[in-house]
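Here is a friendly walk through one protein model, meant for reading side by side with the picture. Please keep the sequence handy as well.

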Amino acid sequence: MTSDTPDLSTFEARIAVLGAGMMGGAVLSGLLAADLSAESVIVTNIDEDALRPWAERGVQTSDDNVAATRDADIVFLAVKPHVAADLLDEIAAELSEDTLVVSLAAGVTLSTLEGHAGAGVPVVRVMPNTPALVGEGMFVLTPGEHCGKDRLEAVEQLLNACGRTEVVPERLQDAATGLSGSGPAYLFYVADALIEGGVLEGLPRPMATRLVAQTLFGSAAMVRQGDEPPATLREQVTSPGGSTAAALRVLDAGAVRHHLGAAVSASTKRSAELGA
């Protein structure tokens with residue numbers, strides 16, 4: 001747990017995580033790492049093997065979503081988007097104005113979530129991304145009609161234990177999906193290409209992988225620090241007539257900047273189609 005990670009040791013709420021898959025498991029790991037009491041959490045999955053590691057950490061486990069929801073104050077929907085509505089139908093009788101539903105199901109709209117959760121149930125739509133698995137996720141949040149400020153802040157506190165959060169109006173959720181939801185795939189694509197470039201020039205693959213990983217990590221830290229915009233940081237690396245300038249000329253000739261922007265646009269469009 002880093003110095004800016006929330007301390008959840010005094011967080012008072014009963015939490016149900018429905019679906020202990022990759023993303024649900026990543027969030028749950030982050031919550032426990034921030035000292036959330038394992039006794040306050042129940043997690044569900046139809047696969048007993050998936051539940052066993054959580055039970056070993058003191059978390060309550062179940063294969064019954066309805067029973068898990070019954071006494072929960074906050075319910076995380078950590079299932080595939082195509083089953084989110086059916087899951088809400090399954091547990092709707094246990095939901096009320098006192099239950100906060102947090103959906104991690106990409107592309108599922110607030111109208112769908114609220115329509116299946118029931119009248120007056122507060123809902124928060126969240127677009128996560130996979131770096132949550134290492135505590136560095138980006139979570140883009142949109143509160144529903146019945147979700148007040150205090151409840152939204154509670155969700156932010158929880159998810160900040162797994163990375164960082166940003167609150168946006170729902171009209172920006174598809175763009176957030178195109179940028180940060182799909183974004184790790186773009187960067188893994190770039191990382192793979194850079195590693196191959198290093199290998200082509202004679203570096204051993206493990207060494208090339210280490211060099212690329214640290215370069216991406218350090219560069220991201222500089223961007224996040226926010227002292228200078230990325231364009232200025234790029235200029236600081238690029239000496240006139242130098243090796244970096246030669247490399248950037250190749251990237252510009254291949255319209256790499258254009259294609260990355262187009263990739264974000266394509267993902268944004270597809271996200272809107274899936275959520276329609």
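How many disulfides does the count come to?

## Cysteines

The count comes to zero disulfides, where a disulfide is a pair of cysteine sulfur atoms within 2.5 Å. The sulfur of Cys-147 has its closest cysteine sulfur in Cys-162, 17 Å away, which is too far for a bond. Seen from Cys-162, the closest cysteine sulfur is that of Cys-147, again at 17 Å and too far for a bond.

Cys-147 is buried, with a relative accessible area of 11%, and Cys-162 is buried at 0%. Buried here means under 20% relative accessible area, exposed means over 50%, and partly exposed lies in between (1.4 Å probe, protein chains only).

## About the model

This is a predicted model, in which local features need pLDDT of at least 70 and side-chain atom pairs count only at pLDDT 80 or more, while totals for chains, interfaces and linings use all residues. Residues are numbered from 1 along each chain as its sequence is written, and side-chain values use heavy atoms, leaving out hydrogens and water.

## Helices α8 and α9

Helix α8 (residues 183–200) and helix α9 (residues 205–225) have axes that come within 9 Å and cross at roughly 135 degrees. That makes α8 oblique to α9. Helices (H or I, at least four residues) and strands (E, at least two) are DSSP runs, numbered from the N terminus. Axes are lines fitted to C-alpha atoms, for helices over the stretch in contact, with angles from 0 to 180 degrees between N-to-C directions. Angles under 35 degrees count as roughly parallel, over 145 as roughly antiparallel, 65 to 115 as roughly perpendicular and the rest as oblique.

On the α8 side, Ala-191, Leu-194, Ile-195, Glu-196 and Val-199 meet Arg-205, Ala-208, Thr-209, Val-212 and Leu-216 of α9. Contact means heavy atoms within 4.5 Å.

## Thr-177 in α7

Thr-177 lies in helix α7 (residues 173–181) and is buried, at 9% relative accessible area. Leaving aside residues up to four places away in sequence, Thr-177 touches Met-127, Ser-182, Ser-267 and Ser-271.

## Two positive phi values

Most residues other than glycine have a negative phi. Asp-35 is not a glycine, yet has a positive phi of about 75 degrees. Asp-35 sits in the loop between α1 (22–33) and β2 (41–44) and is partly exposed at 43% relative accessible area.

Ala-255 also has a positive phi, near 55 degrees. Its place is the loop between α11 (243–253) and α12 (256–275), and Ala-255 is partly exposed at 29%.
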